[in-house]
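I opened this notebook to keep track of what I looked up in the structure. The entries follow the order of my reading.

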Amino acid sequence: MPQFGGFMNDPTAQMGLQMGQSAMKVGQEYVEQNFNRYINVSALKHYFNVSNRYVLSKTLLVLFPWRHRPWSRSQTNTASPSHNGSTTTQFLPPREDVNSPDMYIPLMAFITYVLLTTLIAGLNGKFEPQLLGMTFSNASVVIILELLVLWLGRYFLNISSESQIYDLVAYSGYKFVGVIVTIAVAAIVNRGKGTGGWVGWTVFAYTFMANAFFLVGEKSQKYPIQSTIARGQRSRRTQFLFVYSYVVQFAFMWWLTALNFTSGVPVVAGGKGIKGRWGR
Amino acid sequence: MASYGYQPNPAPQPQSSYSAQNNLNFYQSSYPQQPVSGHSTPFQAAYGAGTQSNAYGASGTANYGFGAFPAQAGASGQMGTGQSGLRTGWLAAFGTEGYEGEPPLLEELGVNFGHIQMKTLTVLNPVARIDQNIMDDADLAGPFLFCALFGTFLLLSGKLWFGYVCGLAALGAFSLNFIFSMMSPPLSQDEMNAAQSQHYGGSSHLSSTLTLGRSSSVLGYCLLPLVFASLLGVLLPLDSLIGYIVVSLAIAWCTYSSSAMFCVVGRMTNMRGLVAYPLALFYVGFGIMAIFSSRGTGRIDAMKAVT
């Protein structure tokens, strides 16, 4: 049996190795527990539990929400395993309920938006790999701002927090579908010269209205306007809902579609480019 | 499992039962000695049986190969010249022999060319049926090679974009692993226990059969058609119509094979379209870099000159 050096067979060294192993194991468990505390993996899995049919019907719903009738999310009464005998109501996963929000579509739409703008910029001859990163950061800022608006609204209007933060993130991502459609149609028609022109604005207006209608439909279910709440607060909530859905979304969608790269840097139409600020 | 780099070996028994029953020892050894007690490399099979100290000796040798212990073999002071098994003499100094019973270098590094070739052929053959255990020894040697080749062909086209290729690959691997872990059905409890015992202090599985290593491995292997497309881009400008067609075909091929692998490994076979779309986006990113790296037909430069 070849001896490869006494120090590995040394009992002290072996003990040190054991301690190192157990320390690493404890560290891993600690990290995993805290990771699960910040990002609830099983809750997130609920949002990705989608099927082909759901994705298709939901995408059509975002773009054509006009005739959709029942907006309420289905609930099931399941026997809760922890309490004896009592039932908890849970919302059905997206696979079984087309009204349930999911995170697959918003995430895919977000990434498609980044790639599509970069591709169109490239077809205009303005490609550089930094564009991928810049567009990604820009769109992330939009998402974060929107979450901030929603969170503040929820805080100030004292809306009961039945809706979790994940639902809000999911809803805020649906506008990317409309933005993608706008950019794609405008690129095809305008030959990539930007989203100006009457075609671009028409499609933008349409997708914006569709998105707003969709959000109002969904949100009126999320924040149920019950009759037990005081009249003043109910009207405030309704106002917030409409202001949010129409005005705020308009601003964000305009920001996302107005990034045109025809001058070589991402420039909001009429604004100063990044190059101007950093002078590079 | 040599593919996981430096990993202290616990008692071999739990490993052997899990790996043997799940056919994780995918490496069908051509060596005369079959693996014993769960060790997958023939060296460990030959020398690793027996007492615990021998196992540490074996793993200690493997660790020397990885350079995990800075101390050399003579640290304990018991080694004299030649006593450890090294042959002395000027002929041996120029030879490639090492210690007695040392495993071959590639085996120590976990580079298994047979597996790499098998996986590459699986990617290249669109009608191949994919074994569920093909990615159990997820190695990254092939993927690194393909990414480096991709970057090299882009360099030969005139653009030094290794950093962007690397960044896109890393970002895509992380996010795709996350998405597919979320989309795959959750692990049953005994699968979870078995995985925990095998991965000593291992990665957080996110309750799925996919780990970051496996996802990266699949993504890297399926990048091969785009490597061919970028090779073509060295010769002819990809900015033309034929270039678009070639790159689109390559992206479709990549997506087809990687979605097949992910569906099999992640057990999501009824969601293949949903699995394919993020993969398509990932490879479109690479395709964009391939197309716009070429010297082009002069159309792009002309447009740049105008504005």
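**Entry 1: annotation.** I began with the UniProt record, an unreviewed entry, whose annotation "transmembrane region" covers residues 104-123, 135-156, 168-189, 195-217 and 238-256 of chain A. UniProt positions are given in the numbering used here, feature names are shortened, and annotations may be inferred rather than shown by experiment.

**Entry 2: ground rules.** I noted that this is a predicted model, in which local features need pLDDT of at least 70 and side-chain atom pairs count only at pLDDT 80 or more, while totals for chains, interfaces and linings use all residues. Residues are numbered from 1 along each chain as its sequence is written, chains are lettered from A and ligands numbered from 1 in the order in which they are written, and side-chain values use heavy atoms, with hydrogens and water left out.

**Entry 3: two annotated spans.** I checked residues 135-156 of chain A and found 100% helix and 0% strand, with the end C-alpha atoms 32 Å apart. Residues 168-189 of chain A are 95% helix and 0% strand, and there the end C-alpha atoms lie 34 Å apart. Helices (H or I, at least four residues) and strands (E, at least two) are DSSP runs, numbered from the N terminus.

**Entry 4: chain B overall.** I counted 14 helices and zero strands in chain B. Chain B has 307 residues, and 46% of them count as buried (under 20% relative accessible area; exposed is over 50%, partly exposed in between, with a 1.4 Å probe and protein chains only). Its accessible surface comes to about 14,600 Å², and carbon and sulfur atoms hold 64% of that (Shrake-Rupley method, 1.4 Å probe). Of the contacts in chain B between residues at least 6 apart in sequence, 74% join residues at least 24 apart; contact means heavy atoms within 4.5 Å.

**Entry 5: helix 10 of chain B.** How many residues of helix 10 of chain B are buried? I found eight of its 10 residues, in the stretch 212-221. The buried ones include Arg214(B), Val218(B), Leu219(B) and Tyr221(B). I then looked up what the buried residues pack against, and the list includes helix 7 (141-156), helix 8 (162-183) and helix 12 (241-266) of chain B.

**Entry 6: aromatic pairs.** I found nine aromatic pairs over all chains (ring centres within 6.5 Å; planes under 30 degrees apart are stacked, over 60 edge-to-face, the rest tilted). Phe48(A) and Phe178(B) form an edge-to-face pair, because their ring centres are 6.3 Å apart and their planes stand at 85°. This pair crosses between chains, from the loop between helix 3 (41-47) and helix 4 (52-63) of chain A to helix 8 of chain B. Phe48(A) counts as buried at 2% relative accessibility, whereas Phe178(B) is partly exposed with a relative accessible area of 29%.

Phe146(B) and Tyr221(B) are also edge-to-face, since the centres are 5.9 Å apart and the planes at 80°. Phe146(B) lies in helix 7 and Tyr221(B) in helix 10 of chain B, so the pair ties together parts 75 residues apart in sequence. Phe146(B) and Tyr221(B) are both buried.

**Entry 7: around Arg272(B).** The charged end of Arg272(B) sits over the ring of Tyr256(B), 4.6 Å from its centre (NZ of Lys or CZ of Arg within 6 Å of the ring centre and within 35 degrees of the ring normal). Ser259(B), in helix 12 of chain B, is buried at 2% relative accessibility. Leaving out residues up to four places away in sequence, Ser259(B) touches Arg272(B), Val275(B), Ala276(B) and Leu279(B).

Note on methods. Rings of Phe, Tyr and Trp (its six-membered ring) pair if their centres lie within 6.5 Å; planes under 30 degrees apart count as stacked, over 60 as edge-to-face and the rest as tilted.
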